[in-house]
Amino acid sequence: MATLLAPAGSPEAIHAALEAGADAVYVGLKGWSRGGARGELDRDELARAVRQAAERGAELQLALNTIPKPRERAALLAEIPGLTALGIRTLIVNDVGVLATLRRRFPELSLTASIGCGAQTVADVAFFREIGADAIVLPGTVGPAEAAECAAVGGITVEVMLHMVEEFVLLGKCAMPSYVHLKPTAMPGGLPDVMRQTGSMKRGGVGACFRICQEPWELSTADGHRAAQLFPSRQLSRLGDVPGYLAAGVGVLKLQGRSLPPEQLEPLVARYRRAIDAARAAARLPAFPEPVLPPSWTVVGR
């Protein structure tokens with residue numbers, strides 16, 4: 001039976017997601033999360049979150065979706081025994097090499113290839129199964145028919161990010177660090193002399209994604225200021241396709257939004273919870289009030 005996997009970037013957001021009906025929640029570990037310091041938990045918060053989820057019969061999954069440099073990779077791998085001791089059983093990773101290494105060294109873990117791995121096709125899904133992934137996340141741009149073909153690969157759980165921001169640079173294919181540099185920050189929980197580098201880590205960078213593509217940009221000429229606007233991005237909502245994804249054999253219906261505050265996250269999770277329950281009961285999709293989301297998240301129903 002497909003599960004609803006919700007994001008959370010704080011203890012309060014975890015509570016909101018569970019109250020709204022999430023079957024599982026994913027969070028980031030401070031220092032090792034693509035979301036950066038805005039949505040990470042420290043070790044004590046993580047321990048409490050594992051217990052909190054277990055009390056509700058839910059699972060807490062951990063995103064370790066950085067692309068570390070070689071010396072940082074050793075520090076990351078050294079974190080794993082402590083995480084499993086807390087009760088973490090599922091890791092979401094964004095680096096093919098890290099995934100393959102984790103598979104060899106920690107066969108007891110369940111490993112998910114993040115949406116940042118860029119998988120979108122049957123061949124992609126088969127590749128990640130071969131290197132040891134237990135699950136693969138497809139973007140919401142992949143429809144139910146394509147998802148059914150991916151699910152038919154077998155031996156790997158197919159997840160779909162039903163609610164996500166389709167960024168200007170596309171998830172998993174960001175090249176912005178090549179052009180933009182921001183002030184580096186200390187890397188909490190990592191090596192003492194290591195600073196988080198600039199830009200997104202999705203492609204060759206190391207450190208936090210500062211979401212450069214979602215910042216306003218100004219165009220100026222020799223005559224002065226001309227224009228300021230955001231790069232095109234849109235929020236994809238596949239709410240209406242929930243029955244199709246369930247019929248396609250998708251195992252996990254996932255939502256994006258670790259940066260959302262609890263008051264915005266809870267209605268978002270609740271509307272997908274109700275949609276899944278309605279689809280299972282072969283009932284009509286109930287009407288929902290639109291959740292209030294950041295202005296840049298323009299809803300696009302597909």
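1. In this predicted model, the protein exposes about 13100 Å², and carbon and sulfur atoms supply 55% of that area. Of its 302 residues, 53% count as buried.

2. The protein contains eight helices and 15 strands. Among contacts with a separation of 6 or more, 66% involve residues 24 or more positions apart.

3. Strand β7 (residues 135-138) pairs with β8 in the parallel sense over four bridges. Within this pairing, Ala135 stands opposite Thr157 of β8. Together with helix α6 (residues 144-151), β7 and β8 make a right-handed β-α-β unit.

4. Strand β14 (residues 252-255) also pairs with β8 in the parallel sense, over four bridges. Here Leu253 of β14 is the bridge partner of Val160.

5. The pairing of β8 with strand β13 (residues 234-237) is antiparallel and comprises four bridges. In this case His163 has Ser237 of β13 opposite.

6. A separate point concerns Ser114, which is found in the loop between β6 (110-113) and α5 (122-130). Is Ser114 buried or exposed? Its relative accessibility is 3%, and because the cut-off for a buried residue is under 20%, Ser114 counts as buried. A polar atom of the Ser114 side chain lies 3.0 Å from the backbone nitrogen of Gly116.

Conventions. Residues are numbered from 1 along each chain as its sequence is written. This is a predicted model: local features need pLDDT of at least 70, side-chain atom pairs count only at pLDDT 80 or more; totals for chains, interfaces and linings use all residues. Side-chain values use heavy atoms; hydrogens and water are left out. Helices (H or I, at least four residues) and strands (E, at least two) are DSSP runs, numbered from the N terminus. Buried means under 20% relative accessible area, exposed over 50%, partly exposed in between (1.4 Å probe, protein chains only). Contact means heavy atoms within 4.5 Å. Accessible areas come from the Shrake-Rupley method with a 1.4 Å probe; for residues, only the protein chains shown count as cover. A polar contact is a pair of N or O atoms within 3.5 Å; within protein, one must be able to donate a hydrogen and the other to accept it, and residues adjacent in sequence count only if both atoms are side-chain atoms. Two strands pair if DSSP finds at least two bridges between them. A crossover is right-handed if, with the strands pointing away from the viewer, the path from the first strand over the helix to the second runs clockwise.
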